[in-house]
Amino acid sequence: MSYYEILLFLHIGAAAVWLGAAALFFVLFQRAKSAQDPVLAQRLGAHTEWLAKRLFIPVSLSVLMLGILLTIEGPWSFDQLWILLGLAGMATTFAIGIGVIEPSTKKMHAAMEANGPTHPDVARYNKRLDALGALDLTLLFSIVWDMALKPTADDVGTLLIPALALAAAALYVVRTYRGGETEAAAAAG
């Protein structure tokens, strides 16, 4: 077994943990939503910060570092499209997590503490976090797609599929945010 094979195993294992945990958390959140159980949603939401610090951030950084080491050690170079797309996807998921999901989660918790789990502000943040979770999960699947298929600029169909999925998820986020603003304006007016 070579150093490269060990790195590859660790990289794929860490990616599987990251994607699996994200998918499970999303499914559990959907379960709480479909059961119309705000207490369950609140309990799940209470674990997001704990999971982020102890699972999502360490595993995602491991995936990134191992991927960089694989590129250096293996027959790859940093100018290949699939590697650039993977790095861009990683940067985007980090930015969404730190810049949008984390602050939204804190605002939702503050609204729950101030007004209770059934308050309209809590529901609005829940909807936003649901949409952001869908976008982030779509992004993670797109990164795995990219890593598995290693497309070049000539692979238009291979590039188009995740691009369309990401566009649909981004549209869902935009519509959710706009809908929440409309609801908040109606409630205030």
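Thr176 lies in helix H6, which covers residues 156–188; helices here are DSSP runs of type H or I with at least four residues, strands are E runs of at least two, and both are numbered from the N terminus. With a relative accessible area of 14%, Thr176 is buried, where buried means under 20% relative accessible area, exposed means over 50%, and partly exposed lies in between (1.4 Å probe, protein chains only). Setting aside neighbours within four places in sequence, Thr176 is in contact with Lys127, Arg128 and Ala131, a contact being heavy atoms within 4.5 Å.

The structure is predicted, so local features need pLDDT of at least 70 and side-chain atom pairs count only at pLDDT 80 or more, while totals for chains, interfaces and linings use all residues. Residues are numbered from 1 along each chain as its sequence is written, and side-chain values use heavy atoms, with hydrogens and water left out.

Turning to the overall fold, the protein chain holds 6 helices and 0 strands, giving the pattern α-α-α-α-α-α when read along the sequence. Taken along the principal axes, a box of roughly 60 × 35 × 25 Å is filled by the C-alpha atoms. Of the 189 residues in the protein chain, 33% are buried. Among contacts with a separation of 6 or more, 75% come from residues 24 or more positions apart.

Charged side chains come next. The protein chain has 13 positive and 15 negative side chains, with Lys and Arg counted as positive, Asp and Glu as negative, and His and the chain ends not counted. The centres of the two sets lie 11 Å apart, the place of a charge being NZ of Lys, CZ of Arg, CG of Asp or CD of Glu.

How many salt bridges are there in this model? The count comes to 3, a salt bridge being a side-chain nitrogen of Lys or Arg within 4 Å of a carboxyl oxygen of Asp or Glu. One of them joins Asp130 and Lys33, whose closest N and O atoms are 2.6 Å apart. This pair links distant parts of the chain, since Asp130 belongs to helix H5 and Lys33 to helix H1, 97 residues apart. Asp130 is buried, at a relative accessible area of 3%, whereas Lys33 is partly exposed, at 44%.

Glu102 counts as partly exposed at 35% relative accessibility, and Lys106 is partly exposed with a relative accessible area of 45%.

Helix H5 also contains the pair Arg124 and Asp121, 3 residues apart, about one turn of the helix. Their closest N and O atoms are 3.0 Å apart, forming a salt bridge. Arg124 is buried, with a relative accessible area of 16%, while Asp121 counts as partly exposed at 25% relative accessibility.

Asp136 is also placed in helix H5, which spans residues 120–149. Is Asp136 buried or exposed? Asp136 is buried yet has no salt bridge, and the nearest side chain of opposite charge, Lys33, is 16 Å away. Leaving aside neighbours within four places in sequence, Asp136 is in contact with Thr93 and Ile101.

Met1 is found in the segment before helix H1, which covers residues 3–34, and Met1 counts as exposed because its relative accessibility is 84%. Along the chain, Met1 and Ala23 are 22 residues apart, and their C-alpha atoms are separated by 31 Å. Together with Ile6, Phe9 and Leu10, Met1 makes a nonpolar surface patch of about 490 Å². Patches are made of residues with over 30% relative accessible area and no salt bridge, joining like charges within 9 Å and nonpolar side chains (Val, Leu, Ile, Met, Phe, Trp, Tyr) within 5 Å.

Conventions: Areas by Shrake-Rupley, 256 points an atom, 1.4 Å probe, with all protein chains shown as cover.
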